[in-house]
Amino acid sequence: MSRLWLSGYRSYELNVFGDQDDKLKVIKFALTNYLTTQIEDGMDWLITGGQLGIEQWAAEVGLVLKKTYPELKVAIMLPYGEFGGRWNENNQAKLQTLLAQVDFHAPVSKQPYENPQQLKNYQEFMVTHTDAATLVYDPDNPGKPTYDYDLIKNFSDTHPYPLTLIDFDWLQESANEYAEKQNNGFNFE
């Protein structure tokens, strides 16, 4: 069994504000290509969080890939109880829809948010319950994923825990490939 933790930037950090944004199409294209390779190499669990941005998009891509790869399981682990409860109604509904579709979901801490230790406990849970991590993250452009990146780097110093970074160069290559396929008449819908 191979379990992959996938996380990365929040939607606002990538300036993606809507499901029809061309940047989102490229990000999902890149995630689809990457996850397809991982599944074909033996990954059977995609484990992510519920944050708006890469985490939710990864879960969406994983759910689409399950149609081709029914052996794939998708899990969303939340850092604490009532996660997302302060979001606007549309974002709360989007999270609830995803939670209803994935194979497994649970909060690491059943308590509502109380303190930063819950987030540290969440990170610790993720690295100890997965076999590798992938972050859509570029160390030259810090953001929220910096905390996960630093933890994973420290953890991998003493544990065999591979980290793959999908950085901005990778996303640009994906954008070029996406545009080329579009120009050649490939329909992504």
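Lys144 touches Arg10, Tyr12 and Glu13, leaving aside residues up to four places away in sequence; contact here means heavy atoms within 4.5 Å. Bear in mind that this is a predicted model, where local features need pLDDT of at least 70, side-chain atom pairs count only at pLDDT 80 or more, and totals for chains, interfaces and linings use all residues. Residues are numbered from 1 along each chain as its sequence is written, and side-chain values use heavy atoms, with hydrogens and water left out.

**Around Lys144**
- You'll find Lys144 in the loop between strand 5 and helix 5 (145–158). Helices (H or I, at least four residues) and strands (E, at least two) are DSSP runs, numbered from the N terminus.
- Is Lys144 buried or exposed, or partly exposed? Lys144 counts as partly exposed because its relative accessibility is 39%; buried means under 20% relative accessible area, exposed over 50%, and partly exposed in between (1.4 Å probe, protein chains only).
- Pick out Ala58 as well: Lys144 and Ala58 are 86 residues apart in sequence and 17 Å apart in space, C-alpha to C-alpha.

- Six strands make an open sheet in the order 4-3-2-1-5-6, with parallel pairing. Two strands pair if DSSP finds at least two bridges between them.
- Strand 4 (104–109) and strand 6 (163–166) are the edge strands, each pairing on one side only.
- From one strand to the next, the twist averages 25°. Axes are lines fitted to C-alpha atoms, for helices over the stretch in contact, and angles run from 0 to 180 degrees between N-to-C directions.
- As background, strands of a sheet pair through backbone hydrogen bonds, either parallel or antiparallel.

**Strand 1 and its two partners**
- Five of the six residues in strand 1 are buried, so the strand is mostly covered.
- Strand 1 runs parallel to strand 2, joined by three bridges. Leu4 stands opposite Leu46 in strand 2.
- To get from strand 1 to strand 2, the chain goes through helix 1 (residues 22–40), and this β-α-β crossover is right-handed. That label applies if, with the strands pointing away from the viewer, the path from the first strand over the helix to the second runs clockwise.
- Strand 1 also runs parallel to strand 5 (residues 132–136), with five bridges joining them. Here Leu4 stands opposite Ala132.

- Four bridges link strand 2 to strand 3, and the two run parallel. Ile47 has Ala75 in strand 3 as its bridge partner.
- The chain passes from strand 2 through helix 2 to strand 3 in another β-α-β crossover, which is right-handed.
- Strand 3 (residues 73–80) and strand 4 run parallel and are joined by five bridges. Tyr80 has Ser109 in strand 4 as its bridge partner.
- Helix 4 (residues 117–128) packs on the sheet, touching strand 1 (3–8), strand 2 (45–48), strand 3 and strand 4. The direction of helix 4 makes about 155° with that of strand 3.

**Helix 2 meets helix 3**
- The axes of helix 2 (residues 54–65) and helix 3 (residues 89–101) come within 11 Å and cross at roughly 40°.
- That makes helix 2 oblique to helix 3: angles under 35 degrees count as roughly parallel, over 145 as roughly antiparallel, 65 to 115 as roughly perpendicular and the rest as oblique.
- Gln56, Ala59, Glu60 and Leu63 of helix 2 make the contact with Lys94, Leu95, Leu98 and Gln101 of helix 3.
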